[in-house]
4 protein chains.
Amino acid sequence: MPPPTVSQSRKIRVGVLGATGTVGQRFITLLSEHPWFVIEALGASDRSKGKRYKDAVKWKQTIPLVGLGLGGVSVERVSLSDLQGDEGRVANVVVKGCTPDEFKTCQIVFSGLDADVAGNIESAFRSANIALFSNAKNYRRDPNVPLIVPLVNPSHLSIIAQQQRLHSPPLSKGFIVTNANCSTTGYVIPLAALEKAFGPIESVLVTTMQAISGAGYPGVPSLDILGNVVPYISGEEEKIEWETLKILGGITESDSESDSDGTPLKTFDMHQAGGRPPLRVSASCNRVPVVDGHMECVSVRFHQRPPPSPQQVREALGAFTPEIQSLGCPSAPRKAIEVFEEPDRPQPRLDVKGNHNGAGVSVGRVRQCPVLDVKFVVLSDNVSIGAATSSIINAEYAVLKGVVY
Amino acid sequence: MPPPTVSQSRKIRVGVLGATGTVGQRFITLLSEHPWFVIEALGASDRSKGKRYKDAVKWKQTIPLVGLGLGGVSVERVSLSDLQGDEGRVANVVVKGCTPDEFKTCQIVFSGLDADVAGNIESAFRSANIALFSNAKNYRRDPNVPLIVPLVNPSHLSIIAQQQRLHSPPLSKGFIVTNANCSTTGYVIPLAALEKAFGPIESVLVTTMQAISGAGYPGVPSLDILGNVVPYISGEEEKIEWETLKILGGITESDSESDSDGTPLKTFDMHQAGGRPPLRVSASCNRVPVVDGHMECVSVRFHQRPPPSPQQVREALGAFTPEIQSLGCPSAPRKAIEVFEEPDRPQPRLDVKGNHNGAGVSVGRVRQCPVLDVKFVVLSDNVSIGAATSSIINAEYAVLKGVVY
Amino acid sequence: MPPPTVSQSRKIRVGVLGATGTVGQRFITLLSEHPWFVIEALGASDRSKGKRYKDAVKWKQTIPLVGLGLGGVSVERVSLSDLQGDEGRVANVVVKGCTPDEFKTCQIVFSGLDADVAGNIESAFRSANIALFSNAKNYRRDPNVPLIVPLVNPSHLSIIAQQQRLHSPPLSKGFIVTNANCSTTGYVIPLAALEKAFGPIESVLVTTMQAISGAGYPGVPSLDILGNVVPYISGEEEKIEWETLKILGGITESDSESDSDGTPLKTFDMHQAGGRPPLRVSASCNRVPVVDGHMECVSVRFHQRPPPSPQQVREALGAFTPEIQSLGCPSAPRKAIEVFEEPDRPQPRLDVKGNHNGAGVSVGRVRQCPVLDVKFVVLSDNVSIGAATSSIINAEYAVLKGVVY
Amino acid sequence: MPPPTVSQSRKIRVGVLGATGTVGQRFITLLSEHPWFVIEALGASDRSKGKRYKDAVKWKQTIPLVGLGLGGVSVERVSLSDLQGDEGRVANVVVKGCTPDEFKTCQIVFSGLDADVAGNIESAFRSANIALFSNAKNYRRDPNVPLIVPLVNPSHLSIIAQQQRLHSPPLSKGFIVTNANCSTTGYVIPLAALEKAFGPIESVLVTTMQAISGAGYPGVPSLDILGNVVPYISGEEEKIEWETLKILGGITESDSESDSDGTPLKTFDMHQAGGRPPLRVSASCNRVPVVDGHMECVSVRFHQRPPPSPQQVREALGAFTPEIQSLGCPSAPRKAIEVFEEPDRPQPRLDVKGNHNGAGVSVGRVRQCPVLDVKFVVLSDNVSIGAATSSIINAEYAVLKGVVY
């Protein structure tokens with residue numbers, strides 16, 4: 001990694017909600033090596049509150065908890081002795097409850113909360129004027145909350161001003177930003193690359209083979225999935241089908257509606273009435289006995305006739321450079337989309353971490369589709385870019401854009 | 001099972017080629033309980049020739065080899081003491097080489113040979129005037145060889161007369177009938193049911209999740225598939241895409257071409273020039289860590305507008321009654337297509353054998369497809385209906401039609 | 001199966017507690033084909049009470065629920081139309097609560113209850129004078145409750161008279177009989193065979209590799225076991241270590257202690273103070289990603305010097321004929337111990353059901369142990385002989401002995 | 001990693017035989033980041049000879065091949081542009097045949113050859129005066145070849161002088177050093193720690209659960225191991241049983257025998273006639289569906305009475321500091337034995353890489369054994385310390401001892 005540039009010389013205090021859960025553990029693993037963000041507070045349920053993190057968590061990561069620091073590492077390199085000391089380690093942080101009061105020194109809070117509790121807690125954090133980046137699904141459909149896949153539509157952050165303005169009372173710093181469902185995130189990245197190169201997509205048919213880690217812990221019972229495929233994940237197909245529309249859609253300004261001070265209201269262009277032509281999405285979701293890595297078989301039909309050739313598609317995917325890279329988000333993958341030429345790659349076990357520790361996605365088998373135009377497979381790391389990594393890059397982008405301060 | 005009717009009172013001598021392989025073992029397991037067919041000869045490579053079957057085979061079935069008889073069981077019930085005797089057991093049969101001479105007392109020969117040797121051997125058996133039902137791919141594309149999924153197109157057997165007539169010298173009994181690739185077989189059954197009910201299909205997009213047993217033994221290395229998905233099976237997508245056309249297509253009689261004695265030539269209506277409107281097929285094939293049972297996610301677009309509703313599709317699938325049932329083939333499944341209502345079924349581990357020990361297929365999750373018309377999943381037992389069971393039903397049908405005698 | 005003899009012409013009404021759980025489902029699958037026992041009542045938690053069984057259960061067996069009858073099949077063969085009728089099917093039985101009142105027409109009740117509720121419920125059933133055969137662990141250590149592996153120590157049923165006599169008020173029909181933990185059951189069968197042939201064992205060291213179905217449903221989270229081994233199963237090693245002693249030990253009559261009417265008290269010879277020399281047992285338990293079938297690596301040291309040779313051990317195991325076979329229990333395996341000669345067998349996936357649908361066990365790799373005397377592997381079907389099958393054979397034995405009437 | 005000390009400022013040219021195989025790929029992955037060793041030559045079969053490595057290998061590591069350099073990294077930090085250049089990458093090295101001529105500029109050659117070819121090739125390399133560190137089994141039993149587990153008995157390197165002297169003609173630089181079988185390596189490390197602390201062990205009984213990667217590629221067919229346990233690995237138990245004796249035994253000097261120049265002959269104290277009391281080892285080996293990481297359940301009996309308590313054993317294991325650490329071998333693990341306190345750890349999926357990327361081993365569940373004295377589980381990374389890492393540390397030790405120069 002190159003030495004920190006000016007834009008990287010930051011030290012930002014962050015908190016994590018749902019810190020003992022699967023997503024929370026992943027947030028902590030990533031933050032413990034983050035160049036800017038420093039873990040200031042961990043929140044979990046009352047059962048964990050008041051305990052040292054190591055005593056509250058059932059740690060399920062392959063990286064030992066004991067080795068993890070609090071982040072901010074490339075800015076002020078902590079000495080080895082400090083790192084080994086009691087208080088510089090995540091393991092020794094005393095877990096708090098999930099109330100805004102306990103997080104008021106945090107500039108950013110990440111939420112890995114389960115959906116059944118995320119609604120009220122996240123809302124309370126926003127009302128307490130805290131910038132919250134959430135992996136939960138609760139506010140993804142909210143017309144004032146952006147749903148951001150950082151390699152695709154970080155510019156949707158622009159809706160935050162309206163979210164803050166319409167809040168009662170209006171907020172100066174607090175907001176909620178959500179990232180997408182893991183299976184949406186993976187496949188929407190190549191879709192965005194294709195739309196950028198070849199114009200709007202007309203139809204996409206996606207069949208997923210999703211890893212068990214996508215369901216959290218304890219998640220999928222082993223009797224259900226060992227040597228098996230389950231052709232159903234509750235709510236997943238619906239999420240893919242509408243999240244894709246919100247993410248790939250634009251934001252339009254109303255001609256007629258405005259808020260009380262006369263500012264025209266902005267709307268997500270979900271139904272493609274305005275800017276982009278309609279996009280039809282059909283998803284079939286399956287659970288497979290894989291630990292990490294969602295595989296998705298994707299077929300695409302473009303509006304453009306004749307459609308691009310497989311070779312043009314391959315080149316466009318490999319050349320895709322999202323804004324987060326040029327802007328300098330430290331967690332942005334060096335390559336957004338790794339394109340494999342081998343006929344049998346990517347594969348989850350071999351390749352899920354290969355593209356920058358799971359921050360980018362991998363595409364393979366780009367070829368003609370006899371029914372639509374082009375088909376390919378995409379592999380994404382559902383616990384990285386599909387979850388915590390996306391939240392973190394969204395926060396980095398917000399920092400660089402001055403939305404968090 | 002009902003008592004044998006007149007048409008079932010038969011005792012037909014059969015042989016198995018490739019008897020020690022994966023498909024061969026499955027043939028033997030099925031034949032050992034068959035009401036008509038009696039195992040007369042087993043053929044394998046020179047390495048096995050002359051050995052007792054039990055010493056030649058590395059038995060990989062969950063039913064112990066030692067318990068298996070020679071078939072023909074419902075016709076002449078062998079007494080228990082006979083069954084335990086040395087010579088009434090498959091285990092003690094002395095394996096022969098794969099030459100027609102050693103099989104000349106067989107009325108039917110089943111081939112579970114690998115493709116690299118099947119070409120010459122199967123051709124030699126046909127030339128020796130032996131009726132051969134093959135699971136190998138070698139002759140599937142032959143314009144005079146029927147490619148039969150017994151629940152779909154057994155009537156294609158009618159091409160045999162031409163196959164025999166064009167052979168030099170013409171044959172009275174010998175012929176080759178092939179059954180389809182396992183992944184084609186599973187999904188083409190519901191397609192046939194849908195075409196029967198709603199007329200021609202215009203497009204089908206299928207994504208497979210295929211079991212390791214489909215690749216034989218040793219087959220897929222465990223390092224490739226344990227906790228993994230491989231998004232590629234060599235040649236498989238091509239097979240699905242063209243086999244579907246041959247199976248669902250008709251047989252047309254030429255206006256202009258005829259053979260030497262003036263009989264008009266019959267042709268498989270592969271390209272839909274004649275009878276049926278074009279059908280476009282797009283397949284994406286994946287290997288998953290499942291032992292038995294191919295899952296396939298299928299999306300279909302009909303010619304008929306408006307298309308049938310999911311409920312109509314569900315009913316048509318459940319009501320599908322192939323000719324092999326009405327004709328009384330003893331290995332025909334009681335139900336061709338089991339339709340599940342539960343949202344998460346069928347599943348390979350629970351349901352692969354559920355539909356009549358794998359002789360029928362299972363369909364679930366019938367629902368609207370936002371891109372094409374209707375989508376569903378189909379589960380088929382790749383080692384049963386997807387392989388040996390199909391060959392055996394084809395042979396039963398040929399017996400009932402008087403083609404084998 | 002031979003035609004029913006006089007002793008088999010019975011029709012006994014039975015109930016199942018915990019009918020919707022994993023063990024309960026297995027009880028029902030077995031009872032639906034039982035020659036004597038007819039399902040009269042199914043009990044489950046309040047959540048299920050009042051529902052049809054098919055609506056209350058999440059059926060996880062590979063045999064479809066819809067096909068299962070109520071048992072008693074070989075005695076009065078129900079006609080096909082009856083079998084297809086609404087009320088002759090397990091699927092349509094209305095589930096009751098687990099109270100003795102609702103089971104008073106049952107002559108035998110099987111318990112597949114979880115340990116956290118089994119204690120009070122089972123006790124209430126006994127007090128209501130009902131014969132109860134339990135798979136739960138709660139009463140295994142009770143000094144008046146036999147712990148029976150039916151292929152090993154059914155004669156321990158003799159303690160029931162004392163259990164009934166000491167109950168307040170004394171019972172005429174009610175009692176509790178337990179069967180052993182699944183991992184104990186599997187390996188104690190060859191141990192019993194060895195003690196019968198060669199006298200007492202001095203030491204046994206057993207390392208288990210246990211299937212996930214042993215933990216019930218939802219049981220082991222897939223994230224814990226997929227591609228993994230967990231070297232720990234809570235409480236399992238202790239169970240193996242003391243259950244072995246109770247099962248292989250005798251019952252001794254006290255010289256000094258007697259109950260109020262002067263009958264000398266019987267005691268399980270747990271600590272080998274009396275009859276048999278001490279036996280030391282060391283167990284190491286592991287969970288492995290296998291669906292069904294516990295594998296156990298066993299090393300044994302005998303008291304007898306010189307110890308038997310591996311070949312003598314092999315013969316003694318193969319020749320072992322437990323009393324339940326000679327007595328004619330219908331669910332007794334035809335062969336108690338199947339001994340494999342192949343170096344790499346038995347294996348769970350191939351062999352778990354091979355020995356009489358899991359009612360017997362399989363042993364392989366009998367060879368010298370350089371530290372103790374002899375070592376071997378044993379495979380048992382943890383959901384059959386390791387659970388429901390044992391309870392059922394115990395009940396059959398009790399019927400034949402006139403203890404249930 | 002701390003900055004290189006004087007002893008680390010080296011640049012040693014190394015070669016790899018069997019470079020395209022599983023062990024070879026692991027050698028290359030490790031060497032590509034090695035501070036001293038620089039890859040100079042790669043050898044493989046004639047099929048690969050002359051091709052770029054990337055075209056010859058079917059790369060199966062989770063680290064992308066394209067990123068790997070040639071090693072020697074901490075000594076002369078290659079600039080980024082060089083790293084990206086064509087020739088500084090392993091991927092672009094042209095593969096040679098396995099003949100000494102093509103490796104004569106190498107100071108050390110590592111062999112990941114299969115046993116069926118390793119015998120002749122390794123012997124030829126030694127005769128060509130090349131220092132060869134082999135992972136193959138062929139010379140492990142040779143009375144002049146050390147069998148070294150680097151955390152246990154690197155001092156056995158002292159036999160090399162005799163190996164060179166007895167060679168005809170005598171060698172100045174060439175020799176063969178072997179490392180142990182993967183399953184031996186893992187469990188012998190805690191055994192050595194225990195012998196160091198508590199004196200000789202009398203008996204050890206070990207049951208292994210071994211990962212599929214131990215069998216190489218293609219190795220174990222998936223049909224054999226998916227959802228299964230195979231209780232047999234050909235030759236493995238014998239290897240563990242005798243390799244343990246050679247590794248834990250001493251080297252004794254003969255009183256009577258000497259070579260031609262009168263130097264007394266040294267012998268491995270395999271049979272404990274001399275120095276150490278007899279050690280009895282009993283191994284039972286199983287293959288389980290785990291990708292990486294051998295789990296072993298070990299029971300030990302000491303000569304010392306009373307034996308150490310579990311707590312003393314735990315402390316002795318945690319405190320074990322092998323000579324390779326104090327001497328400064330760069331690939332030595334920071335902690336030789338990680339001792340877990342959690343009841344259910346270590347586990348292969350979570351912990352196999354945890355102890356210094358698999359260079360150390362992990363022990364858990366230390367407790368009393370009712371039959372022997374103490375039992376525990378040990379987890380080792382069979383592809384790291386169990387294979388390539390051991391060879392590399394052995395070579396580092398040889399460099400530091402001046403045996404390689």
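Predicted model: local features only at pLDDT ≥ 70, side-chain atom pairs only at ≥ 80, totals over all residues.

Student: What span does helix 6 of chain B reach from its first C-alpha to its last?

Tutor: Helices here are DSSP runs of H or I with at least four residues, strands are runs of E with at least two, and both are numbered from the N terminus. The expected span of a helix is 1.5 Å times one less than its number of residues. Helix 6 of chain B, residues 182-198, has 17 residues and reaches 25 Å between its first and last C-alpha, close to the expected 24 Å.

Student: Where in helix 6 of chain B does a kink lie?

Tutor: The bend at a residue is the angle between axes fitted to the seven residues ending there and the seven starting there. In helix 6 of chain B a kink of about 30° lies at B:Val188, shortly before the proline B:Pro190. Just after this helix, B:Gly199 takes a positive phi of about 80°.

Student: How many residues of helix 6 and of helix 12 of chain B are buried?

Tutor: A residue is buried if 20 or more other C-beta atoms lie within 10 Å of its own, exposed if 12 or fewer, and partly exposed in between, with C-beta atoms placed from the backbone. In helix 6 of chain B, 14 of the 17 residues are buried, so this helix is largely enclosed by the rest of the structure. In helix 12 of chain B, 16 of the 17 residues are buried, so it too is largely enclosed by the rest of the structure.

Student: At what angle do helix 6 and helix 8 of chain B pack?

Tutor: Axes are lines fitted to C-alpha atoms, for helices over the stretch in contact, and angles run from 0 to 180 degrees between N-to-C directions. Helix 6 of chain B packs with helix 8 of chain B, residues 236-248, at an angle of about 35°, and their axes are 10 Å apart. Two residues are in contact if their C-beta atoms, placed from the backbone, lie within 7 Å. Among the residues that meet are B:Val188, B:Leu191 and B:Glu195 in helix 6 of chain B, and B:Ile240, B:Glu243 and B:Ile247 in helix 8 of chain B.

Student: How many residues of chain B are in contact with chain A?

Tutor: There are 35 residues of chain B in contact with 35 residues of chain A. Strand 9 of chain B gives the most to the side of chain B that touches chain A, with five residues. For classes, Ala, Val, Leu, Ile, Met, Phe, Trp, Tyr, Cys and Pro count as nonpolar, Asp, Glu, Lys and Arg as charged, and the others, Gly among them, as polar. This side of chain B has 19 nonpolar, 10 polar and six charged residues.

Student: How many residues does the contact take from chain B and from chain C?

Tutor: The contact takes eight residues from chain B and eight from chain C. On the side of chain B that touches chain C, three are nonpolar, three polar and two charged.

Student: Is B:Arg365 buried or exposed?

Tutor: B:Arg365 counts as buried, because 23 C-beta neighbours lie inside 10 Å. This residue is in strand 12 of chain B, and B:Arg365 has a positive phi of about 55° although it is not a glycine.

Student: Which residues does a cis peptide bond join in chain C?

Tutor: A cis peptide bond joins C:Tyr217 and C:Pro218, with omega about 0°. C:Pro218 lies in the loop between strand 6 and helix 7 of chain C.

Technical notes. Residues numbered from 1 in each chain as written. Chains lettered and ligands numbered in written order.
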